[in-house]
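Subject: Structure for you to look at

Hello,

Please open the structure below and keep it beside you as you read. My notes follow it.

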Amino acid sequence: MSSTRNKLNKKSKLPFNVNRKSILGILSLAYQEFIDSFLTKTKFKKPKEIEVLELVRKNAIKNSPESILKIIDNYAYKKTFLMNIGDQKGEILEEAIRDSQASNILELGVYLGYSTIRILNNLNDVSKLTSIEANEEFARIAKEHIKICGLSKNHLLKVGKSSEIIPKLKEQYDFVFIDHWKDIYLKDLKLLEEFGLLKKGAWVFADNVVLFNLEDYLDYVRTSPNYESKFIPTLREYSKSHPDGVEISRYRL
Ligand code: MG
């Protein structure tokens with residue numbers, strides 16, 4: 001009996017926790033990922049990220065962020081899952097960027113540049129965004145998407161592990177968008193604090209806190225005296241039924 005309990009109590013080997021609220025959302029996207037990866041490996045189709053880039057090259061209107069976002073959203077709704085913030089949470093992100101009046105923004109996790117485009121599209125001429133992406137291929141695709149949108153001017157894209165890049169950053173940020181590997185949200189937030197990279201009052205916007213049940217991250221920002229934190233319930237990107245949410249925390253108000 002006790003060994004069964006020990007097994008049950010063992011920490012998940014996944015880089016996130018799964019609970020009753022998140023399991024269906026996770027299973028649904030895992031199923032879509034499995035099918036897509038099978039079709040790609042058996043050469044029935046190109047990798048989905050390349051398919052998206054080709055659609056953007058073919059159909060996007062130049063200098064129109066809206067047209068690129070629409071192509072990406074359509075692909076994710078109609079073909080297969082893409083790990084973008086998506087249209088519903090994307091609107092919340094854009095509203096937060098505008099409300100914060102942030103001038104120096106940091107993004108952790110770029111993927112195809114979807115959220116990057118939403119952030120850049122809300123900046124004025126003197127504001128800027130630095131993005132970190134670990135995957136070289138994703139970074140190359142994102143860069144091309146951003147260029148087609150005409151939004152490259154205020155953007156700097158750094159390719160590599162966030163844990164190696166963050167300690168080398170020299171400026172302070174007043175808005176951080178976190179949407180990379182779920183098991184390093186908290187580690188990277190603490191790194192940003194340690195290296196003095198958060199301005200007083202900085203906004204920290206974390207995606208997928210319900211889908212991936214990010215308990216350690218949420219415990220930290222909700223109990224630390226350094227943050228005032230609020231949760232916004234949403235649906236998972238490109239889903240009409242699976243719950244998700246974003247956590248917006250303000251640093252040392
Ligand atoms: Mg996300």
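**The metal site**

Asp 179 is buried, because its relative accessibility is 12%. Buried means under 20% relative accessible area, exposed means over 50%, and partly exposed lies in between (1.4 Å probe, protein chains only).

Before going on, note what you are looking at. This is a predicted model, where local features need pLDDT of at least 70, side-chain atom pairs count only at pLDDT 80 or more, and totals for chains, interfaces and linings use all residues. Residues are numbered from 1 along each chain as its sequence is written, and side-chain values use heavy atoms, with hydrogens and water left out.

Which residues coordinate the magnesium ion? They are Asp 179 (OD), Asp 207 (OD) and Asn 208 (OD1), at 2.1 to 2.2 Å. Donors here are N, O and S atoms within 2.8 Å of the metal (3.2 Å for Na, K and Ca); water is not among the atoms, so sites may look incomplete. Along the chain, the magnesium donors have the spacing D-x27-D-N. The site joins distant parts of the chain: Asp 179 is in the loop between β4 (173–178) and α9 (185–194), while Asn 208 is in the loop between β5 (198–206) and α10 (215–223), 29 residues apart. Helices (H or I, at least four residues) and strands (E, at least two) are DSSP runs, numbered from the N terminus.

Asn 208 is buried too, because its relative accessible area is 2%. Its phi is positive, about 60 degrees, although Asn 208 is not a glycine.

Compare Asn 63. Its phi is also positive, near 60 degrees, and it is not a glycine either. Asn 63 sits in the loop between α3 and α4. Is Asn 63 buried or exposed? It counts as exposed, because its relative accessibility is 53%.

**Leu 211**

Leu 211 lies in the loop between β5 and α10. Leu 211 is buried, because its relative accessible area is 1%. Leaving aside neighbours within four places in sequence, its contacts include Ser 22, Ile 26, Arg 236 and Pro 243. Contact means heavy atoms within 4.5 Å. Pro 243 is 32 residues from Leu 211 in sequence, yet their C-alpha atoms are 6.6 Å apart in space.

**The sheet**

Strands of a sheet pair through backbone hydrogen bonds, either parallel or antiparallel. This open sheet has seven strands in the order β3-β2-β1-β4-β5-β7-β6, with mixed pairing. Two strands pair if DSSP finds at least two bridges between them. β3 and β6 (227–235) are at the edges with a single partner strand each, so one side of each has no neighbour in the sheet. Neighbouring strands are turned by 15 degrees against each other on average, direction ignored. Axes are lines fitted to C-alpha atoms, for helices over the stretch in contact, and angles run from 0 to 180 degrees between N-to-C directions.

Now walk through the pairs:

- β2 (residues 128–133) and β3 (residues 155–159) are parallel, with five bridges. Leu 129 is partnered by His 155 in β3. The chain goes from β2 through α7 (residues 136–149) to β3, in a right-handed β-α-β crossover.
- β1 (residues 104–108) and β4 run parallel, joined by four bridges. Leu 106 is partnered by Val 176 in β4.
- β4 and β5 are parallel, with five bridges. Phe 175 is partnered by Trp 203 in β5. The chain goes from β4 through α9 to β5, again in a right-handed β-α-β crossover.
- β6 and β7 (residues 243–251) run antiparallel, joined by nine bridges. Ile 232 stands opposite Val 246 in β7.

A crossover is right-handed if, with the strands pointing away from the viewer, the path from the first strand over the helix to the second runs clockwise. How many residues of β4 are buried? Six of its six residues are, which leaves β4 mostly covered.

α7 lies across β2 and β3, at about 165 degrees to β3. Its buried residues include Phe 138, Ile 141, His 145 and Cys 149. The buried residues of α7 pack against α3, α4, α6, β2 and β3.

α4 (residues 65–78) has 14 residues, so at 1.5 Å a residue it should span 20 Å; its end C-alpha atoms are 20 Å apart, which agrees. The expected span is 1.5 Å times one less than the number of residues. Among the buried residues of α4 are Ile 68, Leu 69, Ile 72 and Tyr 75. They pack against α3 (48–59), α5 (86–100), α6 (114–120) and α7.

Best wishes
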